[in-house]
Amino acid sequence: MFNLSRYFSTVSFILIVLAAGILGPLYRQLAIQQMTELAEDRNVAMAQVFRNSLTTPLEALMLASIGKDAAFLRQSGEERQMQASVTALMRNTAVVKVKLYNRLGTVIFSTDPEQIGENRFDNNGFRTAMHGNVSSELILRDSPYGTDRGLAEADTLASYIPVRGTNAAIEGVLELYQDVTPFMQLLSRTLWWVTGGVACIFGGLYLMQFLVVRRAQKILTDQEGRIKAARDTLEIQVEARTLELKRTNKQLEAEIAERRQAESKLNYLAYHDPLTGLANRRCFIERLDQSLLDAERNGQRLAVLFVDLDQFKQVNDSLGHSVGDELLVAVAARIGDNVKLIDMLARLGGDEFICLMEGVHNERDVATLVEEIIDVFEQPFQLGSHELFLSTSVGISLFPGDGQSVVDLMRNADTAMYRAKAIGRGQFHFYTPEMTRDAQERIRMENLLRRALENGEMSVHLQPQVDTQTGELVGAEALVRWNSPELGSVPPSRFIPLAEDSGVIVSLGNWVLRETCRQVMQWQGSGFDLPQVSVNLSVKQLERPEFIDTLDQILVDTGMDPARLKLEITESVVMAVNDAFELLERLRRLGITLALDDFGTGYSSLSYLKMLPVQQLKIDQSFVVGIGSNPGDEAIIRSVMALARSLDFEVVAEGVETAEQADFLAALGCDQLQGFLHGRAVAPAEFRARWSVPV
């Protein structure tokens, strides 16, 4: 028999424990949140008091801190004046510590003088404040932050508050620590009282209900005994007659239910994407086929939109396929919920979606729909703790102008989508016949490129690098050239991106390395010594795990001294390769010189530049060309030179075409020049003929 008392006791006890366990932490969390908000407001108000009261010394300290070390800041007059003023303002307040950071994250003032000079540029609170927002952090005594000097015995709230100048620009960050120990102690006592009160109330309710349940249990036990005899007699009479019928009915019901479930599942899977629940390729093709018949019969137009996510591969590679699947579900839901002009939305597979729009009057109608789709991606996708920003590229084909069949319309929309991606992320493009011709030409060129190395169509040309002061040859950059029997001389701007996309760049880059080293050693054997040769590296090469071994083997096979080889990488390559710093360090240990190419055109982050094991910076020709006409380019070059000198980097300027540019760079202390002024990239024989004779 079902024991009501036992189950009631167990369930009630569990519920009481859960209620007490949930309400207590919930009350504590809400109280801490309210306290944090109030304390943050007080910190902001105190920050304004400090700002208003210490405007002159604060601005003076900000100005005086530029380029000064910690020892100078501690001994400066502005520091002593601030210490006295801040100590006076803190008196009789809950503020226990004050710090002031400059824009670079350096502590230029602190009530704890030992912390002056520390750098917190990577601190999240500092970064938030530098973006104009107030950030606060509750530091409890048992937290790992509770060991801050002098604060380990108190609960504090640290707030990072931006300091704005007269032009509203953020000049620094003020960090205030407020003692909230009394509130936390009161909260702890109150929490115990609340928990005890809740437990007592539930305990009383439990006792009352338990007495009622016990009485009900007795009544049920008595009634069970009375009906048991009658039930046993009835069951004996009925069991024999109904047993077979029940068995048969159960078998039939199970078979029918299983068949219906299987049919329903098969029908759903045949026409729907199992991940997003959208229509699949088959369903879309059948719908589009029927829509084409209707449109042709009624003389109407329709549009097929091919939608592809721009950064989906990075999400899968960095966060995993499970997050990628969640993102696809979120994208499908957001498009379906926010774009109302779509007549049908389907997922083809991967990160590709396709839309159908019927009853199109003109291209403006379709453009409006596409803009709505692109606008859907303006807001980030929040997946758990991940905030993901995406964009999408859309290709459009129209019936009847861009195709008469399902295959033609889908293929042409796909082609237009790739053209949209080529323009830039978050763009759309209508299909044109030229796109098909371009795609066919790209396929033809890719096929020719794959055979170019085997057929000996590739060659290495060299462009000289000279000493800025003496004009002597100090090195050369190896540049690959392609002379195709079918296409003629193909410029690198056409075939290098194609090689990157198709993966041919790996074998091509390794060939250039081997051929360049072979040429240098051949020259050396015949009496012409090239001091150093530079070779550009692709991100595809660096991503290959066997690259270091391949390079080492090339050096061994050719007999090339690693010190005479310089590898040029761009900032974007460094940021794209996993474990780039470790990989570059292995190259440096081989004795190879590393140069950062096109410096200033990419990320240019000082935080990673100072850690890179590179020996040389190359100023991009886009800055050099502005010498004498663009003060902004000249200012950038001056900054790069100053940075290079401070980090002990050698500097090469590329794209130098005039004597004026050379003089400007020489005056700044640029080490080497490369450009048409001293020679174009030429074949090895011409290069040797030009530089083997003294200038």
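This is a short tour of a predicted model, stop by stop.

**The five-stranded sheet**

Begin with the open sheet, whose five strands are ordered β2-β1-β5-β4-β3 and pair antiparallel. At its edges are β2 and β3 (135-139), each of which pairs on one side only. Ignoring direction, neighbouring strands here are turned by 20° against each other on average.

Select residues 156-164 and 170-179 next. These are β4 and β5, an antiparallel pair joined by nine bridges. Within the pair, look for Ile161, which stands opposite Leu174 in β5.

Now select residues 95-102 and 107-110, the strands β1 and β2. They run antiparallel, with three bridges joining them. Tyr101 stands opposite Val107 in β2. Together β1 and β2 make a hairpin, with four residues between the strands. In the turn, pick out Gly105, where phi is positive at about 85°.

**A cis proline and a salt bridge**

Select Phe399 and Pro400. The peptide bond from Phe399 to Pro400 is cis, with omega near 10°. Pro400 belongs to the loop between β11 (392-399) and α11.

Show its side chain along with that of Asp310: the two form a salt bridge, at 2.8 Å from N to O. The whole structure has 23 salt bridges.

**Two packed helices**

For the last stop, select residues 504-525 and 547-558, which are helices α14 and α16. Their axes lie 9 Å apart and the packing angle is about 25°. Because angles under 35 degrees count as roughly parallel, α14 is roughly parallel to α16. The crossing of α14 past α16 is right-handed.

To see the contact, show the side chains on both helices. From α14, the residues are Asn510, Leu513, Arg514, Cys517, Arg518 and Met521. They meet Phe547, Thr550, Leu551, Ile554, Leu555, Asp557 and Thr558 in α16. Coloured by class, this contact shows seven nonpolar, three polar and three charged residues.

Technical notes
Residues numbered from 1 in each chain as written. Predicted model: local features only at pLDDT ≥ 70, side-chain atom pairs only at ≥ 80, totals over all residues. Heavy atoms only, no water. Axes fitted to C-alpha atoms, helices over the stretch in contact; angles between N-to-C directions. Parallel < 35°, antiparallel > 145°, perpendicular 65-115°, else oblique. Left-handed = near helix turned anticlockwise from the far one by under 90°. Contact = heavy atoms within 4.5 Å. Nonpolar A, V, L, I, M, F, W, Y, C, P; charged D, E, K, R; others polar. Pairing = 2+ DSSP bridges. Salt bridge = Lys/Arg side-chain N within 4 Å of Asp/Glu carboxyl O.
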